[in-house]
Amino acid sequence: MITEKIRAAAKELLEKGEVETVIGWERGTFWYNSTPVFISKPEQADRLVFDDFCANNLAKYLLDYRNADGKIAVFVKGCDARAITRLIQDNQVKREKVYLIGIPCTGMKEAPKTVSSQDVAGLPLLAKCQSCATPNPVIYDILLGDPVPQKEVGNRFAGVEALEAKGADEKYEHWGKLFSECIRCYACRNVCPACNCRECAFDANGLNWLGKQNNLQENQMFNMTRAMHVAGRCIECGECERVCPMGLPLMDINRKIIKDLNELFGSYDAGLNLEDRPPLGQYKLDDPEKFM
Amino acid sequence: MSLNTEALPKSQEVTASPEAAPQPWEPRIVGFACNWCTYAGADLAGLSRLQYPPSIRLIRVPCSGRVNPQFVIRAFQRGADGVLVAGCHPGDCHYSTGNYFTRRRFLLMQRLLEYMGMDPRRFQARWISGSEGPKFQQTVTQMTEDIKALGPNRKMRDVE
Amino acid sequence: MTQVLRAENPVSPLVPVVGKIIKIVAEKIDVKTFHVSTPEGEKPFTPAPGQLGMLSILNVGEGMFSITTQGPNHLEFSIKKTGVLTDALHEAEVGQTVAVRGPYGNGFPLDFCKGKDILFIGGGIGLAPVRSLINYAVENRGAFGNLQVIYGSRSPADLVFKEDILENWPKVPGMKVDLTVDRGDDEWKGNVGFVPAFIEQLAPSPDGDKVCVLCGPPIMIKFCLQSLAKLGFKDENIITTLEMRMKCGVGKCGRCNIGSCFVCLDGPVFTLAQLQKMPPEY
Amino acid sequence: MRRVGVFVCHCGSNIAGTVDVERVAKEACKFPNVVFATDYKYMCSEPGQQVIKDAIKEHNLDRVVVASCSPRMHEPTFRRCLESAGMNPYLFEMANIREHCSWVHPDKEKGTVKAIDLVRKAAAKVVKDEPLQKSSIGITKRALVIGGGIAGIQVALDIADAGFPVTIVEKEPTIGGRMAQIDKTFPTLDCSACILTPKMVDASQHPNIEILSYSEVEKVEGYVGNFNITIRKKARSVDMSKCTGCGTCWEKCPTKVDSEFDMGLGKRKAIYTPFPQAVPNKPVIDRIHCTKFKNGKCGICQKFCPTGAVDFEQQDELITEKYGAIVVSTGFNQFDHSVYGEYGYGKYPDVITGLHFERLINASGPTMGKIKRPSDHKIPETVVFVKCVGSRDEAKGKSYCSRTCCMYTAKHATLVHEKIPGSKSYIFYMDVRTPGKGYEEFYKRTAEEYEAQYIRGRVSKIYQKGDKLMVRGEDSLIGRPVEIEADMVVLANAMVAREDAGDLARTLGISYDKDNFFTEAHPKLRPVETHTAGVFLAGACQGPKDIPDSVAQAGAAASKAIGLLSKTQMESDAIVSNVDESRCSGCMICKGICPYKAIDAKIITERIGGKMAERQVAEVNKSLCQGCGACTVACRAGCLNLLGFTNEQILAEVEAVCL
Amino acid sequence: MKTVVKSKISALLDEIAKEFNLLVPTAGDGASKFAPYTSGGQVSLDGRTLLPPKDVFFPQTEKMYKFSTDGMAGSLETLLEAPKHQMLFGVRPCDVKSIHELDHVFLTKGFVDEFYQSKRDRTFLVSIGCNGPAEPTCFCQSMGVNPQESDAVDVHLFDLGSEYGAVAKSENGEAFLQKYASFFNEAEVQLPAISEFALKPDVEGITEKLQQMFDHPLWEEVSRKCLGCGACTYLCPTCHCFDISGRVAGNQGFKFRCWDSCMFSEYTRMAGGHNPRPSKKERVRNRFLHKLQYFPERYGDLLCTGCGRCLSKCPVNMDITNIIKQIREVELA
């Protein structure tokens, strides 16, 4: 049903020449892998699919189409749409050059342990979808299907609060062990729509913010600096945690920043509407200064 | 990256300062001082001969808004036992809005450092104006005592 | 076809030995030639013409440079000021400690060149790698046929190795040196014009299986190849050197690959024929 | 490799006393890139600077570190020294081993270790310094004077005489300020109005001076030489062009209100000029008390106005003008001594302040110059003066001495003696301070010829007894309490800053001290400048002072402003932000951070993948940028760098200090 | 064939740990990797580890030499200390082949990398065979690897269900089996059949075909979805690209080598800014051509042992087997 709508929409857009390319998902290696696909001809539209494994956030691919002549169509779930809003706010994507096809999303599933078991229903939701606060896209040109009811999401900061309650050494032990696992493959940075710099500060060879070695200190510097850089920009799409080969709980860091931002500077969720400006890009005269 | 991690640094605080060392251990505090207020306040403390422990090294920046949270992490990495970021009182900033951003950045940064396991007393941010020499003296003295109690910093430190 | 010269290496090929700058010759405003030898005054290693060496200032960085020539107990590197390391080198003085490792790369195919006439073409700093072969040919004059050097630079002030090109080489029997500059000045008596045009003007004949060794900025090489093709030079007889980012220098770190060959190990010297077979990714 | 020279200063014994300077110089030689290090008694002295110049030539140094006092003091000095030695002045760093080291750390060993660290830090930073050039910017040859008191008028006149247009912005309906309220001026007792009003008239008639009375400064943008200032011309409800100042309106106006000018002792109408010699001599309608504005009735003044100048519909007008220099001369307030309940001010009408007394003795004052008690208008026989009310009193008032009370109290005693034959004056004092020319002689005459009784002691209580005021105090010279029956008591209140001084300072971007007086750039060396280039100070707004000092400061501030405006081009500082366009992604987060609106987007075209494409990047307007660096932290990719305080330099300092 | 019951393995490991610095596959919290053996610790001998054994010989960060400068003078000292004898126990055949391929790179072609060699010569390899795909993404069989047995080791253990069949593959292996003979008993064994692989890419003649496909539009299509992160290269047992950099603190400092990825954007960027592989297309193409064409041309083996790690952890499911299939389907003019 949704897949047919998707294919129809893509075919129509391409036939009418309204868009140059359509970015969606297609079936990957196994039935539980869906992978991004870039369609430019109507007949390719039948490769498109929308199932329980389309976890990839397609928004960031628009950065590769900055100099494209025509418009680009992209399928956006709830989280992806917030990423689009952020990319527009960061002047990396022009709204008029993008055609957004919104898909209300009921949450994506974990991959099964074995290939054979075809039962989808039994699979648990991805961690990032369990605490999803925006199943319906906030920005779109057309919406395929009617909006999905907002799920009752528990306290999304539960994990953070549990960690905050620990003592200093316990916390250092916890993060120290995790960060020494990090292999600095930068998958979290390259998948993140908030990390949309032209060239990352860590890649500039002149500016040695970060050493190339892989030890605990450089990993701490990388992860903490990235947390501060995406502060106010992270839309909690959870992709960084999903793609980390070492399974590090990166959202515990981003959610801590979001919790603090809300407590300190007033409630703010990134990417919900176009007019917002990231909290660190502005100030109020009566900002708190507890420890000043 | 399994095998060759340097031994994870012992994270418990060394309470008593090591007596064996001939010189009693002097904490090393890196201070970022805004040129118009805190640096002037420190100058005033000097002019008025207000004594304070020689543990702080001030780095002059045009405005506390120039201090990048990454400098603070780098300082701890390279062995600082404490970091102080100080600037003008909100409203006094020579560049009118510099310290409003400092306030936001370092309110967030201190909580992140604390969340990562760093003892909050090791990172301080203060408003010290050009005429508050005594406040500069008290801040440094207080911070030195706190950090002496905490002992040398082992966390986030390059284990060479 | 490329015979490989290897010098033994005490420890890992990646760990340099300590050396010292014993002499600095300012070729022109942004090019200097550094004479390097070990603290004991010997040659760190004996390279073949056309081979490379990894030169570094310990607390600055490491870079791969062609060894322009060598003396009995020193190596010479001619280096243009382009980056962090080269800046530091240009500000260094005689006595500065450096670290050097090598030799790397395949060097010029000496056997292939022996007994033939050789045409050397250099553009700007491109003359540096070629000079190692020229000096080798001059020392073993008998082993080679006629030698001709066509060398051009932007202006007379930009000419490098002035001592060689103006005094030494013209005196060598059977060796001709033709110089050109893009823009002359009032004292300049020689030819004015780009190297490719100058080649066509001199029209050296390709017969006798003459070998042509060609180095210079990519844009110059592109047009020179056209001129040489017009004059009938065969692809296998045209030799050039490539420049890539190199880290290990021993074909292991995977950085300087063009297709399956590593510029630092299988190059930097390639014949035009080889280049045409390799993917155009350099 | 860089060739760095390190020069350690003894500063006489200021540094050498508690820091082993020879050892610091010796250690400095071991730092990377340092090729020469020495120490000298006085680096900032002429021979000291010569040592630097010689060393630069002899060792062909390309960078210099001076370890001495605070860069806030001598950085410009040493930069000029480098320039004269033919070196770029920005290849230079200072290590503050005096204020931050020798003066505050008595332990010589630890002080020396810290000094060595500070020199290592400076050497590490100087290695990363790059030569910088100042860029030049145009100057608007026009000055703005805020506050039209005697100081403001004097500044305006001096600048105008130098040929530059000046605008005076005065909050009150007329210029003249505090001095207009005063009767006589010490020590020569010449009449204040006689020396002030000619100046006011000169100012109003000077072709180069524009007076905006009843106006306030709303917003200040821009920077030295290019200030854009928004001024709010408050609605006078009188059309200045039509009004001839004939006075019919304020004669006919039925509403009487306490006159602020007369400190509440006299009355004025709802439409009024504060005092007869007002400049501009055009009235203003007090919209709070005028019945027309309260309930729409009346409007008599409009009816009787011969030229129809009264216009109730007039609204505030905001104008924005460009100025090159600003002089602040907003004057002072009198200390509100209600905190001294024991003096009974407010309860006893006959306990008045110095300014009230000035209005009483003033010929154009409410009592036509006759000293009458405000309670029953009787001529007082015995007058008691109380000095240091609010001054030199950290507990309830101000810690500082207000400098002028001793002299004007002596003047008041003299006038009481002259105007009321047979009267007796008592003056309670702690000390008598007569620092000016002819001041001591004037005080001597008051005490001797005019038999003013000086009692050394503080007044503990004043209370009413019948129609007399009992002033109880203590005479510390004879160690006995004293009680005097007085008809009237005059309190010499302290001079304090205007209540809105803090807001004005924030608007101007200048700093102010704990008493809200504006902070001068340097108490001894730059008393009339502020840290904000292009903003100067004159008069009591910078600190308590009398008329001669105010006028002297006015002349100094005017000369500073003239010095600035006389230049055709002004060099803007080289410490500005710089964008690496190849790495900037055009997200423009920096634009919202910049307080000076110095950053804007620009479109560049470049060849990407074979075809030309346009891209937005940030661009810093070097003349607007003041070098605060807040944008550099907002830029995640690190493409924005502050020249002179680059990320690499500060990181180098952090690493050197943690070694 | 000598066999050992699986239940006695931990006892055997305790013994070995006395003599060797024993490294075993562990699956504790976080990713599974080879880690020093602690008796009673978490040893997981089924399935393959997520992190390959390559960092036993080629660590992610490895100091090469330290130096000190003093004004213009300077000195340096190599930091090459040979590790105690170590044993890598429980390596899968696909990883054994990858180690063999790393040997090609680091030990041949005229230069020997001592840092690698010093570790490689002191490591006793014990491999365990698989009877089928350990993970759904395994495809070693199609890449010329016999999942049940590997040869380039000291001792190989066949997985016979409840016990292992041990075969010595080198003299050290023989000596090892003698030494620990008490743990083994002799038995006739029957190798179980190898179960079906889900992924069976056909690599026949792929190197030759790729030689004419440098400018084929396939690479543009394939590379679009790649994010340019380094996950595939850092998890790949055969990827060996490294960078050399240094750290300076005042007058002291050291030079180290660390893993680098050809997928990073600044990998081939030269000082002047010129970059022969500026965009994702060149970089993705280079990675697959290196594995399927350049390495075979140079060393004779495909630089992919079919372990499937890149396939399982790629954020966008970039599938080398699918790309091999697409290359196969391309008809050259």
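A polar contact is a pair of N or O atoms within 3.5 Å, where, within protein, one must be able to donate a hydrogen and the other to accept it. In this predicted model, eight residue pairs, both at pLDDT 80 or more, are in polar contact between domain 1 and domain 2 of chain E. Domain 1 covers 2–52 + 81–186, and domain 2 covers 206–241 + 265–329. Their C-alpha centres lie 28 Å apart, and the contact draws on 23 residues from domain 1 and 24 residues from domain 2.

Together the two domains of chain E bury about 2,100 Å², with 66% of that area given by carbon and sulfur atoms. On the domain 1 side, E:Glu101, E:Phe139 and E:Met143 supply 28% of the buried area, more than any other three residues. One salt bridge is counted between the domains; E:Arg309 and E:Asp95 meet in a salt bridge at 2.8 Å, N to O. The residues of domain 1 that touch domain 2 comprise 12 nonpolar, six polar and five charged.

Turning to the chains, 23 residues of chain D are in contact with 23 residues of chain A. About 1,800 Å² is buried between chain D and chain A, 51% of it on carbon and sulfur atoms. Here D:Arg583, D:Ser585 and D:Arg636 supply 38% of the area that chain D buries, more than any other three residues. Three salt bridges are counted between chain D and chain A, including one from D:Glu606 to A:Arg198, whose closest N and O atoms are 3.3 Å apart.

Technical notes: Residues are numbered from 1 along each chain as its sequence is written. Chains are lettered from A and ligands numbered from 1 in the order in which they are written. This is a predicted model: local features need pLDDT of at least 70, side-chain atom pairs count only at pLDDT 80 or more; totals for chains, interfaces and linings use all residues. Side-chain values use heavy atoms; hydrogens and water are left out. Contact means heavy atoms within 4.5 Å. Buried area is the accessible area (1.4 Å probe) that two parts lose on being put together, summed over both. A salt bridge is a side-chain nitrogen of Lys or Arg within 4 Å of a carboxyl oxygen of Asp or Glu. Domain bounds come from an automatic or database domain assignment. A polar contact is a pair of N or O atoms within 3.5 Å; within protein, one must be able to donate a hydrogen and the other to accept it, and residues adjacent in sequence count only if both atoms are side-chain atoms. Ala, Val, Leu, Ile, Met, Phe, Trp, Tyr, Cys and Pro count as nonpolar, Asp, Glu, Lys and Arg as charged, and the others, Gly among them, as polar.
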